[in-house]
Amino acid sequence: MRSCIRPASYGRSVCALFVVAFFLFSMGNVVFAGGVALPVITVNSAQYLSSSSATLSANITGSDYDMLDIKFKYGTDPSNLSLSGTTTPNSLSAGAKETIAVLDLRSLTAATTYYYVLSYDYNGSTYTTESSSFRTASDPGGSGSSVPLGTTGHLGLMLVLLAGLGLWAGRTRRGRSSLRG
């Protein structure tokens, strides 16, 4: 008896990929790391941009454990986010409902691109979100711009998995047909 229904030409690895993709898709926004369900975090685009200030925020839901030392790390070099600021709130108790963590940045340099991530301690480990960026305005009366560099969520993961599956399946079919003819 087969454990997975699949076209015979695709093989076991594709069947396993479908099972993994279905599992991830059916879990919604829950991400697991080391067997621990991580909170769902959406880092927002920077707001209230000026030549010397910006406000960073993130929506946090689904905290099964205490979240400690919640902070934004930021800097002008994406590989070296040497500056940090503690958010308000800076910790969440287990079971907390949706919360918005906020940090107001001051004394920024005009016409400069800054990169930022949210960092937090959760169940004994430190986690960091994907990077985003914003650019401060060039003059005191102007406004800067905010650009998310990475997207998170299972819809994106699902699309990547399906695109990869399509490419792999196409190569497999072409490879087999060229052997016959």
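In this predicted model, S57 touches T42, V43, N44, F72, I100, A101 and V102, leaving aside residues up to four places away in sequence. Of these neighbours, N44 also makes a polar contact with S57, in which the two side chains are joined at 3.0 Å. With a relative accessible area of 9%, S57 is buried, because buried means under 20%.

S57 belongs to strand β4. This strand covers residues 54-61 and runs antiparallel to β3, to which four bridges join it. One of the residues involved is T42, whose bridge partner in β4 is N59. Strands β3, β4 and β7 make up an open sheet in the order β3-β4-β7, with antiparallel pairing. From one strand to the next, the twist averages 20 degrees.

| Pair | Distance between centres | Angle between planes | Arrangement |
|---|---|---|---|
| Y114 and F134 | 5.5 Å | 15 degrees | stacked |
| Y120 and Y122 | 6.3 Å | 75 degrees | edge-to-face |

Y114 and F134 are both buried. Y120 likewise counts as buried, at 4% relative accessibility, and Y122 counts as buried at 0%. Ring pairs also connect Y120 and Y122 with Y65 and Y127 in a cluster.

Conventions: Residues are numbered from 1 along each chain as its sequence is written. This is a predicted model: local features need pLDDT of at least 70, side-chain atom pairs count only at pLDDT 80 or more; totals for chains, interfaces and linings use all residues. Side-chain values use heavy atoms; hydrogens and water are left out. Two strands pair if DSSP finds at least two bridges between them. Helices (H or I, at least four residues) and strands (E, at least two) are DSSP runs, numbered from the N terminus. Axes are lines fitted to C-alpha atoms, for helices over the stretch in contact, and angles run from 0 to 180 degrees between N-to-C directions. Buried means under 20% relative accessible area, exposed over 50%, partly exposed in between (1.4 Å probe, protein chains only). A polar contact is a pair of N or O atoms within 3.5 Å; within protein, one must be able to donate a hydrogen and the other to accept it, and residues adjacent in sequence count only if both atoms are side-chain atoms. Contact means heavy atoms within 4.5 Å. Rings of Phe, Tyr and Trp (its six-membered ring) pair if their centres lie within 6.5 Å; planes under 30 degrees apart count as stacked, over 60 as edge-to-face and the rest as tilted.
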